[in-house]
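Here is a walk through a two-chain model, written for someone who would rather look at side chains than at tables of coordinates. Have the structure open and follow along.

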Amino acid sequence: MEKRVTFRGWWLPALLIAPQVLISAVFFFYPAGQAIWQSLFIPDPFGLSSQFVGLGNFEFLLSDKFYRASFVTTAVFSILVTLCSMIPALFLAVIADRLIKGSGVYRTLLIWPYAVAPAVAGVLWLFMFNTRVGVVSWYLGNLGYDWNHVLNGGEAMGLVVVASAWGRISYNFLFFFAALQAVPRSVIEAAAIDGARFWKRFWTIVLPLLSPTTFFLLVVNVVYSFFETFGVIHTITSGGPQQSTTILVYKVFSDGFVGQDLGSSSAQSVILLIVVGLLTVIQFKFVEKRVHY
Amino acid sequence: MAREVHGMVEKRGAGLWLTHVLMILGVLVIFFPIWLAFVASTVTQAEIVRPPMPLLPGDRFWENYAAALFSGVNVPVATMLFNSLVMAIGIAVGKIVISLLSAFAIVYFRFPGRNVFFWMIFLTLMLPVEVRIVPTYEVVAGFGMLNSYGGLIFPLIASATATFLFRQFFLTIPDELAEAARVDGARPMRFFWDIVVPMSRTNVAALFVILFIYGWNQYLWPLLITTDPEMNTIVMGIKQMFPSGDDVADWPVIMATSILAMIPPVIVVVSMQRLFIRGLVDSEK
């Protein structure tokens, strides 16, 4: 789509677009180019010179069992975060949708966690499950379950998943609720007259009508769990124990900044870049086509 | 008839009560972590380290919050709050201003290289700062912008979401308005200030809410570039308040800080709920 009516001149638009182009060039294109460039080199231990290795960093990464494990960890983590944030959100939205009055109050209360930063959410959940002072871990202990996410990788994963999914429930709730409100009442009522009970109506009419929203949220939540959960993991587990919660973004950080392995970190950035690209394409495809039943 | 059907779809009587009870249970479960943090911020350290801690607020509210705000652990929380505020507003305002200008240029002008710039901006949509942290850090360090507000803000406004939003919106502004402005001999910038900016008010406000929260909640970037505690933002500063060794964390102060860290974004979201939801839907679709 284009405007028919436009203004003349080239220096004014150039001036208008300059700040964004400048900032993108300096803080986006140059660093992104650097990431790609550095991924082809291995710096010597003193950082004085570096040796061109072509795709060596990538070959090494893809054969590195820690990196492959991090891929699996990321996949498990993002699937769990997506499920744990979407299912409760859909459930709450369905309940809220059945209320004629009061749903606004619930909505106001439910959007709180969205405003809580992932890193702060991490601290809140860490506090509840802290092995020394945590309330939940204390009650679990009383029930005979010895919670220790500092030593147990599965429990660590469970905790970062729940802490990451928590704030997302609000976000997903808002989208599901809006979509449910948009389902035409007449369709539901027609089904009700035909004697379809609530669950039957839900499975055969409402859920299919929600499919565009559901697919959209699936992609968005996967992107979220890939890239925006760093704060949760850094505050709760720092990637441990034994790297059991080291997702890909966390590994870029720990190899690049803690381990100072710039070649590998850059190669990881490039791989992530490809992953983001793929996810973006999928997202656009779904949003464009508006997936229907 | 209509009323009876209504009764079949929306819940009445016992069913209605059950629905409310389920909803309240859901809200309570979702809210519990925040409640617990609040309780912890109002009791003494002794009450927390001897579990289980109480589930109702204590009487140390003022002491704990004053301790957090004015002395903190490494740096007073008031300082971190101020830094977060500058960063969040800087990102929101900065991004809105550069996006309004560039979207205006792309929509209302034909100039050489327009498509190249458009695709250039489009590409920045795809790459979150988390992915290019090492080289971006080097750029910022090279400019001497570590531990500065500029270093906190600029790398995070290099993204095109807002530009796209404004472009979409500008395309819906009727051509007649630009035509009339041109006939009247109005200069482009006059049209921009008198027509385009006022018409974009709601979009600007909705975007401000989203960007404010985005900026406030940043973690990794401030963690990397603010080595000086005086420049820490509150969201990244909380983790720095935990002792590194085996010492016991000062939980009441840490939890008071957590509550303080969530108050500004919660106020923004709750008080501007409608704008917020609109901004959310717009910026994602």
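D97(A) is buried, with a relative accessible area of 13%. Keep in mind that what you are looking at is a predicted model. D97(A) belongs to helix α3 of chain A and R185(A) to helix α9 (residues 185-193) of chain A, so the pair ties together parts that are 88 residues apart in sequence.

How many salt bridges does the structure hold over all chains? The count is three. As a general point, side chains of opposite charge can pair when their charged atoms come close. Here is the set, with the N to O distance for each pair.

| Pair | N to O distance |
|---|---|
| K251(A) and D255(A) | 3.3 Å |
| R190(B) and D194(B) | 2.9 Å |

The second pair stays inside one helix: K251(A) and D255(A) both sit in helix α13 (residues 248-258) of chain A, four residues apart, about one turn of the helix. Are these two side chains buried or exposed? K251(A) counts as buried at 6% relative accessibility, and D255(A) is buried too, at 17%.

R190(B) and D194(B) both lie in helix α11 (residues 188-199) of chain B, four residues apart, about one turn of the helix.

## Where the chains meet

Now for the contact between the two chains. On the chain B side, 114 residues are in contact with 100 residues of chain A. Between them the chains bury about 10200 Å², with 77% of that on carbon and sulfur atoms. Helix α2 (residues 13-40) of chain B gives the most to the side of chain B that touches chain A, with 16 residues. By class, that side of chain B has 85 nonpolar, 13 polar and 16 charged residues.

What about salt bridges across this interface? The rule finds zero between chain B and chain A. Polar contacts do turn up there, in eleven residue pairs, both residues being at pLDDT 80 or more.

Helix α2 (residues 56-63) of chain A is a handy one to look at end-on. Its buried residues are N57(A), F58(A) and L61(A). Seen down the axis of α2(A), these buried residues fall within an arc of 95°, so they line one face of the helix. On the other side of α2(A), you will find E59(A), F60(A) and S63(A) exposed.

Next, look for S78(A), which sits in helix α3 (residues 65-98) of chain A. S78(A) is buried, with a relative accessible area of 5%. The side chain of S78(A) reaches the backbone oxygen of A75(A) at 3.3 Å. Leaving aside its neighbours within four places in sequence, S78(A) is in contact with S225(A) and F226(A).

## Loops to zoom in on

S238(A) lies in the loop between α12 (230-236) and α13 of chain A. At 38% relative accessibility, S238(A) counts as partly exposed. Its side chain reaches the backbone oxygen of H234(A) at 3.3 Å. Which residues does S238(A) touch, not counting those up to four places away in sequence? They are I233(A), Y250(A) and, from chain B, K239(B). S238(A) and F227(A) are eleven residues apart in sequence and 15 Å apart in space, C-alpha to C-alpha.

That loop between α12 and α13 of chain A also holds Q243(A). Q243(A) has a positive phi of about 60° although it is not a glycine, and Q243(A) is partly exposed, at 38% relative accessible area.

Chain B has a case of its own. N147(B) has a positive phi of about 55° although it is not a glycine. You will find N147(B) in the loop between α7 (133-142) and α8 (149-157) of chain B, where N147(B) counts as partly exposed at 25% relative accessibility.

How values were computed:
Residues numbered from 1 in each chain as written. Chains lettered and ligands numbered in written order. Predicted model: local features only at pLDDT ≥ 70, side-chain atom pairs only at ≥ 80, totals over all residues. Heavy atoms only, no water. Contact = heavy atoms within 4.5 Å. Buried area = accessible area lost by both parts, 1.4 Å probe. Salt bridge = Lys/Arg side-chain N within 4 Å of Asp/Glu carboxyl O. Polar contact = N/O pair within 3.5 Å; in protein donor to acceptor, adjacent residues only side chain to side chain. Helix = DSSP H or I, 4+ residues; strand = E, 2+ residues; numbered from the N terminus. Nonpolar A, V, L, I, M, F, W, Y, C, P; charged D, E, K, R; others polar. Buried < 20%, exposed > 50% of the residue type's maximum accessible area, 1.4 Å probe, protein only. Arc of directions from axis to C-beta.
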